[in-house]
Number of protein chains: 2
Amino acid sequence: MALPVETFFLHPDAQGTLQQQIQQMIAQGILSGRFRQGEKLPSTRRLAAHLGVSRITVTIAYTELLANDYLSSKGRSGYFVSANAPTPPSFEPLTERQDAVDWSRAIGQRFSGGAAMSKPQDWAKFRYPFIYGQADPTLFDHANWRLCALQALGQRDFSALTTDYFDRDDPQLIEFIARHTLPRRGINARPEQILITLGAQNALWLTTQVLLTQRRRAALEDPCYPALRDILSQSRCHMTPVRVDADGIPPESIPPDTDVIFTTPSHQCPTNATMPMERRHALLNRAGEMNALIVEDDYEFEMSFLKSPSPALKSLDTDGRVIYVGSFSKSLFPGLRLGYLVGSEPFIKEARALRASVLRHPPGHIQRTAAYFLSLGHYDALIRRMGSALQDRRAVMEKALAAHDLRISGRGYYGGSSFWMRAPDGVDTDALARRLHGKGVLIEPGRPFFAGSHQPTNYYRLAYSSIPSSRIADGVGLIAREIRDFG
Amino acid sequence: MALPVETFFLHPDAQGTLQQQIQQMIAQGILSGRFRQGEKLPSTRRLAAHLGVSRITVTIAYTELLANDYLSSKGRSGYFVSANAPTPPSFEPLTERQDAVDWSRAIGQRFSGGAAMSKPQDWAKFRYPFIYGQADPTLFDHANWRLCALQALGQRDFSALTTDYFDRDDPQLIEFIARHTLPRRGINARPEQILITLGAQNALWLTTQVLLTQRRRAALEDPCYPALRDILSQSRCHMTPVRVDADGIPPESIPPDTDVIFTTPSHQCPTNATMPMERRHALLNRAGEMNALIVEDDYEFEMSFLKSPSPALKSLDTDGRVIYVGSFSKSLFPGLRLGYLVGSEPFIKEARALRASVLRHPPGHIQRTAAYFLSLGHYDALIRRMGSALQDRRAVMEKALAAHDLRISGRGYYGGSSFWMRAPDGVDTDALARRLHGKGVLIEPGRPFFAGSHQPTNYYRLAYSSIPSSRIADGVGLIAREIRDFG
């Protein structure tokens, strides 16, 4: 039987080249059982005319399908669905009906309902996206990332791509981090003291699981990165939120029975405070007296474009008491999911075993691509370019915020990519964000960053990492007007 | 000051092109503080002569470093370390000393000490690698994977690469799995019932965390995939290993107070048994009576080259009681770390929230690459090619095993990539494996697959997924001789 040319169609919103779309359409016709073995395909000329594409495009697609044994050719008589083509399943899928399972009983542990971030996935369509933590296509060095990824896909790196590392990591990435990245933060670490993670989130999660139990106490900054509170809640440890001041977490406010202190000294999230050196020493002393550990999330240190970054807290740690969390996802792009943990060997050993159990290892290709991007110097060049662009945007932001008399609560004297803002009392920034959303402006309400039930409602975060300079003034103007008209 | 040309050298074992190596050497010299701002680089001619490379190679490397602002050029006077080049840190890394932390106290939960796989990472150097689960470069379709990865790195997929999906996944991959992959297993699922995971390991881990607690009981196959036992041990649930027979797990042996049954009906790991249809129905009935859930690891169904695969257990499930685990890591390559969970929405919702907390989402680039590889038909073509190669190797294996009278305990009537072997009583296969290791032969001792303290010691697994046909006979001969000489 000949397959009628009319049953072939390209989806108007399909992706890929025309040749790929044709190949895909035919492969899927076969896989779904619509096209059967031995059935004759339309001639390349007819199909090309029907689809309105060039004949060579169809010919190349057929040739590719021939090579993959989806099609066979019989000389001049044309192309047929190959006798070796995959066969569709002979059983019919069941239609859905009500579950007999009582899920409220069957689920042993609940994880949903946390302070999930509700950032719109379509943020790029907004005219004024004062949104935090998404990659700006105009700043990211996509071309060199692509080249590094391509190199990591080469024959020579076949094993780095495909290997099951079990609990290990790409030795090239580990070596670069140990020899180049960490020394720049003042940290000296051996490969056995480093573990690659799926971003900082994964690093914080692993750390929490290893160090905390129901009987232990964690001190964390307030406000802080909301997902950290979720992670700690899931571990069921005791939690003490410690209100930060302009210098970060005050050591003397940390309860004496704390086992683990979570802190972001480089760049407090979300207030942008950088902890001064004296306080870093005081924090280490305090932790030493209490015999507590410190988890240092070295958040956004790369974005210190106004002043050189201070050395990491970990670099001052002679006790092995600091566990360091680094991330490439923030500075490169969040979809990368790549970070690392640095700590003493007994700790890293347990985190490594847990990671192996949870997910084995971060994909090899991503580790190797990052190793190339770092070692060829692209990463540092990118950071400098981003820093310079952010510095410009920041100046525009500062001017616009001053012009509209909007109050900055935390600006970050080293740089960064956002301002922590305080609206007048009585302005609910959740409602403010909803109103601005309708006007094409995205801001982040501050409430989810705070602990407890009496969260301040008048803070918000304005990031300038994803908005072009040219739109900042108008966007800030809209925010100012909405705040003025509030209530 | 001019930098002496003698301080420049290329590592003999460095990777990448010569141009990249030069670029990397200079970038690292600057980043490590060896080369200072304003210092003059050797001329391209001198450096080229010194390194023994062409001058154009050095010129291109310099030009690239110029573009990235590592170097600056002053007309005819040459290249200098740029005034804007990144500066090395001014603080000295601390040298290591004894930790003041008592790690035996500080670690709240231990995860190390499980049945860690001890496969040599250098398996590819062995002449007779009867090893399981690593990619064979001669079978994998590296060229098309690379093309798909390249496409996924394109400008049009920038957002799929970089986006923070939070708790979501690549919609293209989800759609393909829902519309094409699952229907071929007889499974009908909506996107909300599917979650992408970092391989089957991660899927099993998430499932265990959501469903099991200290008060619940899991039944698992004995022998089974050792990492599953580790995962269950970490959840601290009650565990009942159920000895499998030639048809897989016998439903009547499962204790009536079981909450969750873990099974591999397509292809029992490691015995290769495929569960007959009658037993699948019996297992579903038994689970229904007990109100237990079933976790179906649809292990190696793709490798059914001798017979068509049976529909998945999940396809027979009208109660919503089966949670299905699929994997691309096994059929593509383990370093990919890509699998998926299919289950009722209340379950997937919790698994999704937990995944978001643990790692957010599997990297976007990998999801999109897989979506292309699948939708262009490369995956199915690959599976057929692999099946046909494995069928050949299997025939060679069977002949060699018969010639040496080695006893096959589980062969798998649908295909697969390994035989489950039984050596004579008294042969300790751990010791056997060590002896064979010295002779270039890798086998997998069977002990870690068994539960409890009285593990049988005379089983072993011989995989033919990574050894060429031509070496099988000699390798089997060496194993037979070592068994004969044992003890």
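## A buried partner

At 6% relative accessibility, B:Asp222 counts as buried (under 20% relative accessible area; exposed is over 50% and partly exposed is in between, with a 1.4 Å probe and protein chains only). Its partner is B:Arg243: the two form a salt bridge, with the closest N and O atoms 3.2 Å apart. A salt bridge here is a side-chain nitrogen of Lys or Arg within 4 Å of a carboxyl oxygen of Asp or Glu. B:Arg243 itself is partly exposed, at 47%.

## Where this comes from

This is a predicted model, where local features need pLDDT of at least 70 and side-chain atom pairs count only at pLDDT 80 or more, while totals for chains, interfaces and linings use all residues. Residues are numbered from 1 along each chain, chains are lettered from A in the order written, and side-chain values use heavy atoms, leaving out hydrogens and water.

Searching the whole structure turns up 46 salt bridges over all chains. One of them joins A:Lys439 and A:Glu482 (3.3 Å, N to O). Here A:Lys439 is partly exposed at 45% relative accessibility, whereas A:Glu482 is buried at 9%.

In chain A there's also a meeting of A:Arg447 and A:Asp430, at 2.5 Å from N to O. A:Arg447 is partly exposed, with a relative accessible area of 29%, and A:Asp430 is buried, with 16%.

## Two copies
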